[in-house]
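Here is a structure to get to know.

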Amino acid sequence: MTVTLKNGVLDPQGKAIEGALGSLGFSGLGHVRQGKVFDIEVNGADKAKAEADLKEMCEKLLANTVIENYTITLD
Amino acid sequence: MKSAVVQLPGLNRDRDMIAALTKISGQAPITVWQTETEIPDVDLIVIPGGFSYGDYLRCGAIAARMPVMQAIKEKADQGVKVLGVCNGFQILVEAGMLPGALMRNTSLRFVCKEVKLEVVNAETDFTRAYEKGQVIRCPVAHHDGNYFVDADTLASMEDAGQIVFRYTDGTNPNGSLSDIAGVINARGNVLGMMPHPENLIEAAHGGNDGRGIFASALDVIAA
């Protein structure tokens with residue numbers, strides 16, 4: 001699961017990273033946004049159930065949906 | 001008036017809060033541990049500051065999902081006053097009891113200093129001891145006090161008088177939207193604020209500007 005700040009929400013840490021990348025000489029960068037990645041192992045073979053559970057986890061705890069979006073990838 | 005102070009692992013301003021409530025109300029608050037599912041009959045529940053659960057995931061996120069928070073929500077729904085200071089404010093927004101979110105300070109630094117607060121709404125149960133527009137001194141100490149809320153919600157909060165305190169005189173320490181330092185829920189019984197009024201209540205603190213919040217909430221004549 002990847003959790004990132006929504007567009008329009010100021011990301012002070014992303015801004016600082018953006019500045020640091022610039023000072024390392026990387027040019028041509030747009031905005032940098034910092035997020036979080038959660039690797040969660042789910043037991044069982046039911047992919048649909050796993051996806052529904054993971055979505056609920058994001059809604060209830062892992063993301064603050066006031067300021068953050070999340071995406072779920074199953075492999 | 002009876003009060004309660006919530007205790008969670010990592011909160012460290014509970015002792016200051018207990019001392020302030022005891023001095024102002026003349027009665028020691030009841031302490032409530034995070035696993036408790038019932039809160040005794042009190043008029044005011046306070047969630048103090050600190051670093052609950054080490055600020056893991058997001059400040060206040062894990063504390064907001066502890067059993068005691070469900071009990072606090074039920075009490076708030078019954079009209080009991082709830083005050084969250086600093087991490088307590090972060091916990092209240094994470095629990096969905098107050099609108100918005102508290103993000104990393106724009107300076108990316110922990111700030112520990114004194115700020116000036118404007119009392120924007122002096123008609124709440126927490127601010128009656130002040131005058132509207134009054135400027136008070138108050139200490140802050142936090143890393144994530146940068147209040148954010150979407151534009152529509154902000155407009156409706158302003159219309160409803162839900163912005164209670166604003167940083168003033170250029171003292172905004174964290175970049176918070178519209179200089180917001182403290183907000184109240186629509187019903188008017190849940191207040192969250194980043195500054196620490198419990199640390200400015202008596203001469204030994206160098207002033208008592210913060211006392212009025214507790215005196216208001218506890219129905220004590222302001223000293």
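Predicted model: local features only at pLDDT ≥ 70, side-chain atom pairs only at ≥ 80, totals over all residues.

Me: What is the mean pLDDT of chain B?
Reply: pLDDT is the predictor's confidence in each residue, from 0 to 100. In chain B, 99% of residues reach 70 or more. The mean for chain B is 96.

Me: Which pattern does chain A follow along the sequence?
Reply: Helices (H or I, at least four residues) and strands (E, at least two) are DSSP runs, numbered from the N terminus. Chain A has 2 helices and 3 strands. Read along the sequence, the pattern is β-α-β-α-β.

Me: What radius of gyration does chain A have?
Reply: The radius is taken over C-alpha atoms, and the globule rule is 2.2 Å times the number of residues to the power 0.38. For a compact globule of 75 residues, that would be near 11 Å. The C-alpha trace of chain A spans about 45 × 25 × 15 Å along its principal axes. Its radius of gyration is 16 Å.

Me: Which helix of chain A gives the most to the side that touches chain B?
Reply: Two residues are in contact if their C-beta atoms, placed from the backbone, lie within 7 Å. By that rule, 8 residues of chain A are in contact with 12 residues of chain B. The top contributor from chain A, with 3 residues, is helix α1 (residues 12–23).

Me: Which strands stand at the edges of the sheet in chain B?
Reply: Two strands pair if DSSP finds at least two bridges between them. In chain B, 9 strands form an open sheet with mixed pairing, in the order β2-β1-β3-β4-β11-β10-β9-β6-β7. Each edge strand has a single partner, so one side of each is left without a neighbour in the sheet. The edge strands of chain B are β2 (30–33) and β7 (135–142).

Me: Which residue stands opposite B:Leu117?
Reply: Strands β6 (residues 111–119) and β9 (residues 163–168) of chain B pair in the antiparallel sense over 4 bridges. The residue in β9(B) opposite B:Leu117 is B:Tyr167.

Definitions and conventions. Residues numbered from 1 in each chain as written. Chains lettered and ligands numbered in written order.
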